[in-house]
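Hi,

Here is the structure I said I would pass on.

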Amino acid sequence: MTSPCPDAAGPVAGAGWHAGADLLASYAAGTSDEVATWSVEAHITACGQCRSALSAQADPQRLARNRSVLLVRTALPDGGRTGRLVRRCGVPDHLLRLVAATPSLRRSWLLSVIGVLAVVTGEAAAVRYGWIRASGPRRLAGYPDPEVLAPFLLVAPLLVLAGVAAAFLPTVDPAHRLAVAAPFSGFTLLLARTVSALAGALVPVAAAAFLLPGPGWLPVALLLPSLALCTLTLAATTVMDPRGAALTAGALWALPALLLAASHAPLQIVQPDAQFACAAVLCVSAVVLLARRDHFEWG
Amino acid sequence: MTLNMRTAAIRVDGLSRRYGATRALDEVDLTLEQGITGLLGPNGAGKTTLLSILATVSEPDAGRVSVFGLDPREAAERVEIRRRLGYLPQELGYHRHFTVAGFLDYVAILKEITDRRRRADEVARVLAATGLERRARTRIRALSGGMRQRLGIAQALLGRPDLLILDEPTAGLDPEQRLRFRELLSGLPGDPVIVLSTHQADDIAAICPQVVVLLQGRVHFAGTPAELAATAAGRVWVADARDPHAHLSWRGGDNRWRHIGDAQPAGAELVTPTVEDGYLLLSHAAGAR
């Protein structure tokens, strides 16, 4: 079925063979098996001789259609190394493609998250090390300057929440009307985008928390409030407008964070009592979200 | 108003929709059959609202819609309508970093075409149908307005839908592209239901066996293009000078004045009305009310 291809160049034709007449005939007739089809398609992209031989056998319209399909396949992104790695872990290809369209995974969005974190972390570091003079009393058992953490504690979970909200808010997704009018499960799309947005936002938040002059457990302590806020928002979208859900959840974090900061005890927002409260919110929200997933309407 | 029909694919009964104090749709009754229906009306007439309700993107304040006998108020039936739907919104947003092929692949997944090979086949088919084959690798942000519109049409054709809802599909297309678009719609296999809105009366005359004129949220006409043109019969004249008593007057490319009115202007000759004449007369009458 094949013959050597001594002058072939490139990664495919470099395998050193030409497709035989039988193989090309079966490919042209559409009767070749899947492996042979892929093999021929990969080969003819780099071998002009076999393309010519094929065009002599094939119905021109069918050939043109096959070439178009081939061009489309090569034009589609494969997600790079990360995409291939995630696929090897069993994540379906189509879910990966949906995740790639998550608005809050865009470089501009991630850069703005990192920018905000850099400002609040820099401010905390500057106060802590005396580059900027802090006002007000400084006290908290074990930590010399708890107030310097207040802006970060306020902002960090809200940034994660904003990333998740941006993953499904109509105003942020340019093609949301297509998603609304499509039959694909809105709930599946929501979860896929949420997971990717969470991963995208939690990494810089945790990194900034490590850099802060605060307690070493701070990065871990921020995880639960962030997850609780996001899950609360998703659960709330099954009963109210998505924008209202995100704003409500944001306010539920911002108000106590600001009150505790005003009373010079900002770290209370991530202390054990608050962690228990966040765990409870997370559990209840997850149950509500699962129970009401059919009520979620994209857009 | 009801069209004379073979099979009712879409039924709309008493459909109303308000945006604040503005009444976008006012008790619209409509029955649409297989084939192409053109929705004609000025900006703000309610065309986009009606199409977005038919596409299950918006909900009416009152009234009922039935698409292929399915009720979009029921979640399961709404999904079934969406499985058979191709939709081009008036302002389709794009993920601008996507390539043309990547965007179509994304929309194909939203249409539940999850098999990679089948998706590639479908994307190649609609690219060929819209003449975008050579642009498969081009990023959307690098496309011209006309090409983006063709991309919008291409995504609507994915999955060979039974119902195509196209909101101003010819906006931004040059004359040659419009011609190709007409050929594309006329040649679609399977006799799908196609509802398209447009400002272009000549698009309607060229490809739509049925036309609906929507003015101020109400259906003012439903019938064939020939019947719409006939509403202006005996009321369209061409003259060398402007007639101040005519309802509407404009100068054509031949430098002569075309008048639509009740009385014959001096020295004018009666001409056969076009679809545009019929539409303009209806619009004028609705505005005068």
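Predicted model: local features only at pLDDT ≥ 70, side-chain atom pairs only at ≥ 80, totals over all residues.

**The sheet in chain B**

Leu15(B) has Val28(B) of S2(B) as its bridge partner. The strands concerned are S1 (residues 8-19) of chain B and S2(B), which pair in the antiparallel sense over eight bridges. They belong to an open sheet of three strands in chain B, ordered S2-S1-S4, and the pairing is antiparallel. Strand S2 (22-33) and strand S4 (62-67) of chain B sit at the edges with a single partner strand each, so one side of each has no neighbour in the sheet. On average, neighbouring strands of this sheet are turned by 15 degrees against each other, if you ignore direction.

**Two helices in chain A**

Two packed helices are described by the angle between their axes and the distance between the axes. For helix H1 (residues 21-29) and helix H3 (residues 48-57) of chain A, the angle is about 55 degrees and the axes are 9 Å apart. From H1(A), the contact uses Leu24(A), Ala25(A) and Ala28(A), and H3(A) answers with Ala53(A), Leu54(A) and Gln57(A).

**A helix that is hardly covered**

How many of the nine residues of helix H5 (residues 80-88) of chain A are buried? The count is zero, so to speak a helix that is hardly covered. After H5(A) comes Gly90(A), with a positive phi near 100 degrees.

**Where the chains meet**

Finally, the interface. On the chain A side 25 residues are in contact with 35 residues of chain B. Helix H4 (60-75), helix H6 (93-100) and helix H9 (176-180) of chain A are the elements that give two or more residues to that side. H4(A) has the largest share, with seven residues. Sorted by class, the side of chain A that touches chain B has 17 nonpolar, two polar and six charged residues.

Let me know what you think once you have had a look.

Cheers

Technical notes:
Residues numbered from 1 in each chain as written. Chains lettered and ligands numbered in written order. Contact = placed C-beta atoms within 7 Å. Helix = DSSP H or I, 4+ residues; strand = E, 2+ residues; numbered from the N terminus. Nonpolar A, V, L, I, M, F, W, Y, C, P; charged D, E, K, R; others polar. Axes fitted to C-alpha atoms, helices over the stretch in contact; angles between N-to-C directions. Pairing = 2+ DSSP bridges. Buried ≥ 20, exposed ≤ 12 C-beta atoms within 10 Å, placed from the backbone.
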